[in-house]
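Good morning, and thank you for joining.

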Amino acid sequence: MVWVVVTAAVAASATYAWRTRVPFEQAQRWLVIPALVATVAALWGSRLRSNGDRVAWIAIAGSCAMTAASYVLTFADAAFDAATLDGLAGLLRAPDRTLIALGLISMIAERSPVRERYLAIEATIVSLTATLVMWVFLIEPALGRSTLTDADRMLSLALPASDLVLVALAARLSLGYQARNRSFSILLVGLVARLLANVLSYWSYMADGVKGGPAIHALTAISLLLFAVAALDRTGAQRPVVAQHSVQLDRLRLTTIALCALTPQAVLISLIVSDDAPRSTVLFAGVVTALVTMLALTRLWGLALSVRDLTERRGKDRLASLVERSSDIVVLVDANHRISYTSGAVATVLGVDSQDWVGRRLHDLELTPLVDTWSEVADRILTQMPDGTLTVEATAHHSSGTPRLLEMTAVNLVQNVAVAGVVITMRDVTATHSLQRQLSFRADHDELTGLANRAQFLSRLTRELAGHQRPVVMFMDLDDFKVINDTMGHEAGDVLLRTIAERLARRIPATSGLVARLGGDEFAALLPVATTAQAAALAAGFLADLREPVVLSQFHTVAASCSVGIAQPEEGENASAVLRNADFAMYRAKRRGKSFIEVFDAELEHEIARTEEYRRDLVSALGREQFALVYQPIVRVRDGRLVGAEALIRWNHHVYGAVAPGDFVEIAEQTGVIIPIGWWSIRQACLTAASWLDDSLFVTVNVSGSALRGASIVDHVREALEQSGLAPHRLVLEITESMLIDDPDGVAEELVGVRSMGVRVALDDFGTGYSSLAYVQRLPLDIIKIDREFVQSLGRQADDALTRTIVTMAHNLGLETIGEGVEEESQVIGLAEMGCDYTQGFLFSEPLTASSMAAMLEDLADRDDVRRPVDLVIAVDAAPAPVVIAPPTPATFAAPPTGSSVAAAPPASARRALRSATPATPATPPAAAPAPAPVAASAASTAPAAPPAAAAAAMPQARRRTGHDEELARLLRPLISTGSSDDTDARRDARRDARRDA
C-alpha cells in the first residue's frame, strides 16, 4: 500500500512537471553545487548512523542526488530546447518529496513509538491545521489566479499535498522526542526551508507562470546546505531520548498542540467576518476546525486518562515493589481464614517458598507466641474489630532449624473492598532483640569481667536500703595493679582482672550476694544477710584465693593481693554514703600494708571527717606558717662522723596540733598543694643548712612527683640557692621510684638540669619498686638510699645477699649509699661489713628541730679539737603537745612547732662527764665508757651510770667481726647505755613508736 501511494505521488509530480514545463533559466545552474554537497554529506552521514537512521539518510541522499541531477541536466541545453530540458529536469525532481518522506518514516520507525495513537493524533492536528492555512491563504488564491486547465490544476494539488505529508511526518517525528540533539534540529530547520521554497515556487508559478526566483533559489540552497550540516554533525550518532509515554509532554509538544487547536478557529472567524470568502472555503474551514477541536479534546482526555492510569500503575507498581522487596513478610488472610497471598520475604526470613503458605489456614502455621498458644492468638487476629490492629510476638523456625523471633502486626481490612481480608505483617526482630539484650547487659555489667558494674551495684544497694535492710558492703582494691599494667602490659592486666573476677564470683555466688567491678582495679560485693564479722571471714577466704598464682602470659606469673574495706549502713544513709564508707575502710587497710581487712567504725568516721578538714585547711596552712622542717642526722659509717641531715616536713594544725606526714602528704598530692609545700621546703632547708657552723654538711629534701611534672624545678632550686647562699653541692634532692615509673623521660630531663647546677640527686626507698635497676644507670644519680625494710631485715641470709648486691651495684656505678631506718646495733655492723657509706635512723637521732640541730652542731664543734666522732644518742619524747626542754645550764633548745618530737644535745655537764670518761687515746676502746642517757621532757640531765656487763662483753665479738677495732669502738660507744636491759628495751620500743608516728 505504501509503494502504491509513493508511485502515485511520483507519477502525479512527474506529469505535472512535464505538462507545466517552461523555458529553462540559466541562473539556477549554480544550485548543482549545494545539491552535490548535500548528496555527498548525506551519504557520508549515513555511515555514522545505524539501522533506520542509516536508511533515512540514504533516502535523503537520493533526494539530493535527484535534485543535483536535474540541475546537471540543464547543462545539456545544446541537445534539447529549453522547455523540453525543463520538463526533463522536473521529471528528475519528481521523487524529491517522496524520498524525504520515506526517510522521515524510517526515522520514525527507528524510534519505536510508531503505534502510539496519541502521537498520531498530535501529528494529525498539526497536519490539518497546516492544510487549512495553506488552502485558505495559498492554494485557493493561487488556483483562482491560475490560467491552467482544470486537469493541470488538479495535478498541481499533488505538490502542496506532498508538502503537507512532509509536515505531518516531521511533526510526528519531532513530537515523538523527549530530548532532541543538534543534528535533528538542523534537519528540521532544513525541512522547513525546503517547504518554504516549494510554497513560494508553487505560488509563483500559479500566479505568474514563473517557477523560480532569487528567493526560491536561495531557500533551496539553504535547505540543501542544512541537510549537509545535519548529516555531518556528530551528535546525530547519539540515540535521542524518545517520549515512550504519551503523558510525557514537553513544552514544544504542548505549545504546538495549543497553537494548532486555536489557529483553525482564528482562520474560521476571519473567513466568516470577511464578505468575499467562498462558501466552500468557509465550509472547509469549519470542518477542519471541528476535526482539530475534536482531536485536541480527545488528546486532552487521553492525557487525563493517561495521567490517571499512570498514577494508578505507578501506585500499584510501587506497592508491589515495596511488598515484594521488603524484608517484612506480608500475609493476606481472606474471609475464609485461609492465606491467599504471601510476599517473597518469607523465603528470605524463614527459608520457605512463598507458595507453601498459600491456601493454608491461619491456624495451621507453625508459630509459637511468647504468650498463650498460637490457636488463641490466631482467633484474636481473625475476630478483632474492623480496622483494628493487633501486635504480638511469636517464634518461628527457619528451614535450617534456627529459631526466629517475629513481630506480627495484624490489621482487619475485611470491609475494605480492595483487600477483603486481614493483612498480617511479620518482621524478623531476632537481631534487634539480641542487640537489645546485649545493650541491656552492657548497661548493667562490666564488659571485661562480666560482673555487675557500678550502676547496677548502686541500684541494688539502693533497693536494699529502701526495704529497710542493712546489707554489708565489701570494697576491694588490688595492690600494685598499676605496676603490672605498666611493666607487663594492659593485656596482662586484663587477664588478672578476669581471673580475680572469676575467683570472687566463686567465693560469693549470686545466691549469696552481688559482686561488681566498680572500675579499674576496684571490686565490690553486696552481702544482704551477712554481718561484718561474716563479711570479714569471707574477705579472708578471698585473700587466700588470691594467693594462688595467676598465669598472665608465657613468661609472667604473679600472686595477687588486695586491700578490703567493709561497711554496714546506719539509719538514714544512702547507697553512695555506704560505698564511700567501705572505700575509706579500704584505704585504711591499704595504709597498713598489703592483704589487710578493715571494718568501718566510729573511729574511722572521725578520721574521715578529720581528713576532710585537713583537705580544706591544707590550702591555708602555708599562709598560717603551720609547716616546719625537722632534720634527721646522717652519719658516715666508717668513722661515725655527722655528714648531713634529711629535712622532713611537719604540720602543726591549729586545732589538732601535730599531724603526721602520712596523714596529709597524700592529701596534698591529690589537691596539688604539695607543689608550693615542696618549693617552701627546698627554700627553708637551704636557709637552715646555710646557717650551720659546719659548712661541709649537706641537707637532703624530698621532691614530689607533682613538682617534677609541673613547673620547672630548676628555676625554683636556683632561686632557693641564691636566696640562702648555700653551696649547690650541699643540697641533695630525693626522688622516689614511683616518679620514674610514671614519667622517666620527664624526670630525667629535670634532674639533668638540676645536676648541671651542682646539686646532687638521691634515689629514695630503693628496692621497693619494680623497675629501679632499669633506671639507675640511665638517670643522673649520686646517692642510693636503701629502704628501711632491707636494713631492718638484716641477719637473714637472703635479705643480706640482696642488700649487699645493692651496695655493690651502687659502688660499681660510682654512687654512694645511705642505709635508712637504723635502729639496732647489728644493723650498723651489717651495713659496715657490706661497705655502706652512710646511715640514718633512730639509733643515732630522731628528727631534730632547726634549733636543736644547731645546738648539736655547736656541741660537736666544741669537741672537734680532739676529733671525737658522734658518740651520743639524742632521744625524743613523742608527746602530742609542744614541749620545751629546760636543762639546768643556760643553754635551752626550743622544741619543734609540731609538738611531735623533741630533741636536744646533752647539757654541758653531761658533755664534760663524757670528756672525762673518755680516754685521751682512742686506740683501745673503753670497756665501760658511759653514754648520756636520753633527756626527758622538762627534766634535768642525769649522771651517766656504768654500762651493763652484757653490753661490755659484746664489744670483743664486734671487733672480731669487723676487723676495724678503733673505728667500730667509737661507733658503738653510744649504743652501750646505762640502766637495766628492761630499760633499754623500753627505750627501743619508744623509738619504734616514734618512728611510726614520724
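Let me start with a region that calls for caution. This is a predicted model, and over residues 865-988 the pLDDT stays under 50. For that stretch, the model has 180 contacts beyond four places in sequence. Where pLDDT is low, the predicted coordinates should not be read in detail. As for the protein as a whole, the average pLDDT is 74, and 69% of the residues score at least 70.

I turn now to the sheet. It is an open sheet of 6 strands with antiparallel pairing, in the order S4-S3-S8-S7-S6-S5. Strand S4, residues 339-342, and strand S5, residues 368-369, are the edge strands, each pairing on one side only. Strand S4 pairs with strand S3, residues 329-333, in the antiparallel sense over 3 bridges. There, Val-333 stands opposite Ile-339 in S4. Helix H15, residues 430-444, packs on this sheet and touches strands S6 (389-397), S7 (403-413) and S8 (421-428). The direction of H15 makes about 120° with that of S7.

My last topic is a pair of helices. How do the axes of H20 and H21 cross? Helix H20 spans residues 575-592 and helix H21 residues 602-621; their axes come within 10 Å and cross at roughly 90°. H20 is therefore roughly perpendicular to H21. On the H20 side, Phe-584, Ala-585, Arg-588 and Arg-591 meet Glu-603, Leu-604, Glu-607, Ile-608 and Glu-612 in H21. The residues of this contact between H20 and H21 comprise 4 nonpolar, no polar and 5 charged.

Notes. Residues are numbered from 1 along each chain as its sequence is written. This is a predicted model: local features need pLDDT of at least 70, side-chain atom pairs count only at pLDDT 80 or more; totals for chains, interfaces and linings use all residues. Side-chain values use heavy atoms; hydrogens and water are left out. pLDDT is the predictor's confidence in each residue, from 0 to 100. Contact means heavy atoms within 4.5 Å. Two strands pair if DSSP finds at least two bridges between them. Helices (H or I, at least four residues) and strands (E, at least two) are DSSP runs, numbered from the N terminus. Axes are lines fitted to C-alpha atoms, for helices over the stretch in contact, and angles run from 0 to 180 degrees between N-to-C directions. Angles under 35 degrees count as roughly parallel, over 145 as roughly antiparallel, 65 to 115 as roughly perpendicular and the rest as oblique. Ala, Val, Leu, Ile, Met, Phe, Trp, Tyr, Cys and Pro count as nonpolar, Asp, Glu, Lys and Arg as charged, and the others, Gly among them, as polar.
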